Amino acid sequence: MDREQVVALQHQRFATKKYDPNRRISQKDWEALVEVGRLAPSSIGLEPWKMLLLKNERMKEDLKPMAWGALFGLEGASHFVIYLVRKGVTYDSDYVKKVMHEVKKRDYDTNSRFAQIIKNFQENDMKLNSERSLFDWASKQTYIQMANMMMAAAMLGIDSCPIEGYDQEKVEAYLEEKGYLNTAEFGVSVMACFGYRNQEITPKTRWKTEVIYEVIE
């Protein structure tokens, strides 16, 4: 893929609101998108995420009153994903220790130099000193994951749209009631739908490059 094709793909990518309910993403294509999500980068490589693929039609109907921004995706998109974010991802948490031992295959002690680097990064550099700030920082990682999946989808000719229009508290309570979420461990970060558009693309409207880009010599 050359430079012109890369830019053309960005113009072709569209926050799709209307989907063809009769077209479904193939299993192979979907597995590829999930793998792209799995391989997405995250701060310190901590992967503080989990994806829920919502296929249950009854649950889709139940979510509609509490997820106004997701109506088009719940009704017509081929695949609907709820991105969860892990809570309490501190340098000394059991989860970080688990990642280091089981995924990174490295020794990890909270008094080690590496652990103290993470501690300084979280507590002093990023000021992640509250439950909310930790949640927001971890949520940023899920947006990277989602964006990577959306771009990979565009490369495969699949449309998508990110979704933030929902009542977070109600959605989390509903998912917990259904047994798909432990709110002590995870929260809802963002949603996205994937499928095939049933609408015309409108030209993109964006700031000119000189407004949003500056070079520091």
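Biologist: Read along the sequence, which pattern does the protein chain follow?

Modeller: In this predicted model, the protein chain follows the pattern α-α-β-α-α-β-α-α-α-β-α-β-α when read along the sequence, which comprises 9 helices and 4 strands. The C-alpha trace spans about 55 × 55 × 30 Å along its principal axes, and 42% of the 217 residues count as buried. Among contacts between residues at least 6 apart in sequence, 79% join residues at least 24 apart.

The domain assignment divides the chain into domain 1, given as 3-88 + 133-211, and domain 2, given as 91-127; their centres, taken over C-alpha atoms, are separated by 29 Å. Where the two meet, 11 residues of domain 1 are in contact with 13 residues of domain 2, and the area buried between domain 1 and domain 2 is about 880 Å², with carbon and sulfur atoms giving 64% of that area. As for specific interactions, the count between domain 1 and domain 2 is 0 salt bridges, whereas 3 residue pairs are in polar contact, with both residues at pLDDT 80 or more. On the side of domain 1 that touches domain 2, the largest share, 3 residues, comes from helix α7, which covers residues 131-155.

Definitions and conventions. Residues numbered from 1 in each chain as written. Predicted model: local features only at pLDDT ≥ 70, side-chain atom pairs only at ≥ 80, totals over all residues. Heavy atoms only, no water. Domains from an automatic or database assignment. Contact = heavy atoms within 4.5 Å. Buried area = accessible area lost by both parts, 1.4 Å probe. Salt bridge = Lys/Arg side-chain N within 4 Å of Asp/Glu carboxyl O. Polar contact = N/O pair within 3.5 Å; in protein donor to acceptor, adjacent residues only side chain to side chain. Helix = DSSP H or I, 4+ residues; strand = E, 2+ residues; numbered from the N terminus. Buried < 20%, exposed > 50% of the residue type's maximum accessible area, 1.4 Å probe, protein only.
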